[in-house]
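The following note sets out several points on the packing within and between the chains. Please read it beside the sequence and the model.

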Amino acid sequence: MSLELILSIVFGGICAVTALLVITRINPVISALFLVVNFASLAGLYLILNAQFIAIAQIIVYAGAIMVFFLFVIMLLNPESEKKFFSHKPYIKIFTVVIVAIVFVQIIYMIFLAQPSEELIKESAKSVNAGTIEQIGRELFTNYVLPFEAAGYLLLAATIGALVIAKKKFE
Amino acid sequence: MQIPIEYYLILSAFMFSVGVVGVLTRRNAIVVFMCVELMLNSANLTLITYSSYLGDTVGQLFVFFVMAVAAAEAAVGLAIIIAIFRNKLTINIDEINILKW
Amino acid sequence: MNFESLNTSLQFLKPEIAVSILLVVVVLFDLIFQNNKKALPVISITGLLVTGYFIIEQFTLNGYAFNLLTADAFGAFFKLIVALSAIFVILFSISSSEIIRCEDRQGEYYTLILGMVLGMFLISSATDLILIYLSIELLSLSSYILAGFVKTVERDSEASLKYVIYGGVASGVMLFGISIIYGLTGSTNLYTINSILQSAQLGGFTFIFAGFMVLSGIGFKISIAPFHFWTPDVYEGAPITITAFLSVASKAAGFALLVRFIKITFFDSMSESGYWILLNVIDWQSLLVLLSILTMTLGNFAALWQENLKRMLAYSSIAHAGYLLLAVAVLSNEGLIAVLVYFSIYLFMNLGAFFVVMLIANKIGSEDVDDYKGLGSSVSFLGVALAIFLLSLAGLPPTAGFIAKLYLFIALIDANMVTVAIIALLNTVVAYYYYVRVLKNLYLVRKEVEMEPVGVSFGNKIIILLLLIPVLVFGIYFTPIVNLAKSSIAFIGF
């Protein structure tokens, strides 16, 4: 067993378990903290997959900024915990879980049916190169400069919008 | 040593399904948003996996954009939650029902 | 990338550049001249008219910008629809009591409307999945905020919350579908994906699943049946101006994207009579026919029980999305012409109906169908206008709505889809009931309370006439829009 395999099993396991914990904890603060762990271990997986830049961005943007924001709003609103997870219309929730389980099985089945691994053999040299900041930056500012600008406008609209909605009174 | 690509794809499918279950079953609007983030992250994992196995940068670029969108969406969503909390003093989706769901 | 190609790319982006500059100008103007809110709509409309000029210029263009976006007549047509409806919505906003009440937030309101316009422009010409995803999100984020814009009203913030939750889930599902498509083909460009699909045999089943996931994201935007849950709530809760904008422009952009996605990604060859032969990956025709029948039946029957006029118009717009989807499902040039004709007429009649409902709601403070009882004599001009718009939505002969439906049915029958045409026809008959019920309340039910006549300002009369005249004229003299539609179906590459 190589270190790569062990690490990816560890990170993947943490990802799966924390994802489940996020949706089963009653207290939203605990959910949010498990989501941080989930994002951090995802960053670990990205490192194994040779996506260095995205791994760092994942830690800074997701686990850092976005989740701090979530925790901040939870603290601000201090919502009561949902008392009983399955109390309200339990049959609907059980139905939901069954449906999603079917979807999940379907997705796995189809991934195996497609068998992408037969065609895709990881080329380490190429993939190491693909994940560098230099490579991403070059693509971002040449071929994909238009989406980059669109993302800028998206962030502008979101900033203005969040201010309008959340501010109590405008002077 | 080669880790089969299915390993990552199954993990991402699992996270996606968990996210969908969370959105459908949880009643706290903030937790619902966290589950949406989970769904976005599972898609990110798929993109990064394929990008790495194909040796192609575009997938990672896409993830970078998705992160920007996720941040914007979280900001807007949480602002709306704050606005609705001011009006109704609750963020439980079951109690927010002037309009029929 | 050299400067020459940058220059040609920018040539094709003129409308988008114009709108983005306009957006920044509005933000800056609002920051610098804080007390001059009255000028904002004027600036926006002027800017949009300039944009309209660039769009008309684009009808003759043919080319790619940055390999991410195409400039062609088809995209220009939908951009024109978006720009026109944006101009009308801004005109509506000037006299909407809901928007006037948030005097202090006018600048943000117009900025976000322009944000939506920019998003829709990009959607209607994007051919790369990254740009498609980003522009859909730009449109969505701006509309989430506008849906809850009058935040002191509980109904509004609730509509906004529901919109953002459904929208977040839809975009998550769509993104997952896109990620699978990227994985299977190794590209995000629709043309490249098409050529890969043509040459290699991919895991078909997985691709179907991914295609369906992307369809659900687009379906959310155009509110077709299994993804329509947000529509009635958001349309009822949002300010009427925004409801009108969502029901026309957002839908137009979504349909442009749907047609482009299906036609470019799965295109195989074109038969002599103008039918598209698609790659044997997904049976799009059966899928779309199924969804459209579901959509129109559900929309029409749910509209029957609605008490709130806005909610009723929401279900009616779901039903119209069903008819439009049926025209797409024909998968031929003739069907596409029907879509374009339908949209250019739907623009006027739907915006008109919403505007009249808004003016009446400004006066009587209610949108309930029951509160319209006996209003006919006191709202003489508005009543007649509403009657014409509703009859046009129902598709009765002298109005333009009839022509829209006529082209749809001709396309269906030419494609030998007679059973489907009969189902659509029965649906139209059901729709008569709820449109006519409003008119019955207006004119045939006796007044319960005496109302003084509701006056309409001169400006608003002009706006109504601007919407009313096309509805009447296109009902008789429809050659220009048909010709426009025929010249706009050219796609780059095929």
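1. Chain A meets chain B through 69 residues of chain A and 63 residues of chain B, where two residues are in contact if their C-beta atoms, placed from the backbone, lie within 7 Å. On the chain A side, α3(A) contributes the most, with 11 residues; helices here are DSSP runs (H or I, at least four residues), numbered from the N terminus. By class, this side of chain A comprises 50 nonpolar, 12 polar and 7 charged residues. Ala, Val, Leu, Ile, Met, Phe, Trp, Tyr, Cys and Pro count as nonpolar, Asp, Glu, Lys and Arg as charged, and the others, Gly among them, as polar.

2. The model is predicted: local features need pLDDT of at least 70, side-chain atom pairs count only at pLDDT 80 or more, and totals for chains, interfaces and linings use all residues. Residues are numbered from 1 along each chain as its sequence is written, while chains are lettered from A and ligands numbered from 1 in the order in which they are written.

3. Chain A also touches chain C, with 22 residues of chain A in contact with 30 residues of chain C. The largest share of the chain A side, 13 residues, belongs to α8(A). This side divides into 19 nonpolar and 3 polar residues, with no charged ones.

4. The largest nonpolar core contains 286 residues, and A:Leu154 and C:Tyr342 have the most contacts inside it. Such a core is a set of buried Ala, Val, Leu, Ile, Met, Phe, Trp, Tyr and Cys residues joined through C-beta atoms within 7 Å; a residue is buried if 20 or more other C-beta atoms lie within 10 Å of its own. Beyond its neighbours within four places in sequence, A:Leu154 is in contact with residues of two other chains, including B:Val69 and C:Leu138.

5. Chain A is assigned domain 1 (1–81), domain 2 (86–123) and domain 3 (132–171), with bounds from an automatic or database domain assignment. The centres of domain 1 and domain 3 of chain A, taken over C-alpha atoms, are separated by 23 Å.

6. Within chain C, helices α15 (residues 333–364) and α19 (residues 458–476) pack at about 145°, with their axes 9 Å apart. Axes are lines fitted to C-alpha atoms over the stretch in contact, and angles run from 0 to 180 degrees between N-to-C directions. The residues of this contact are 14 nonpolar, 2 polar and no charged.

How values were computed: Buried ≥ 20, exposed ≤ 12 C-beta atoms within 10 Å, placed from the backbone. Helix = DSSP H or I, 4+ residues; strand = E, 2+ residues; numbered from the N terminus.
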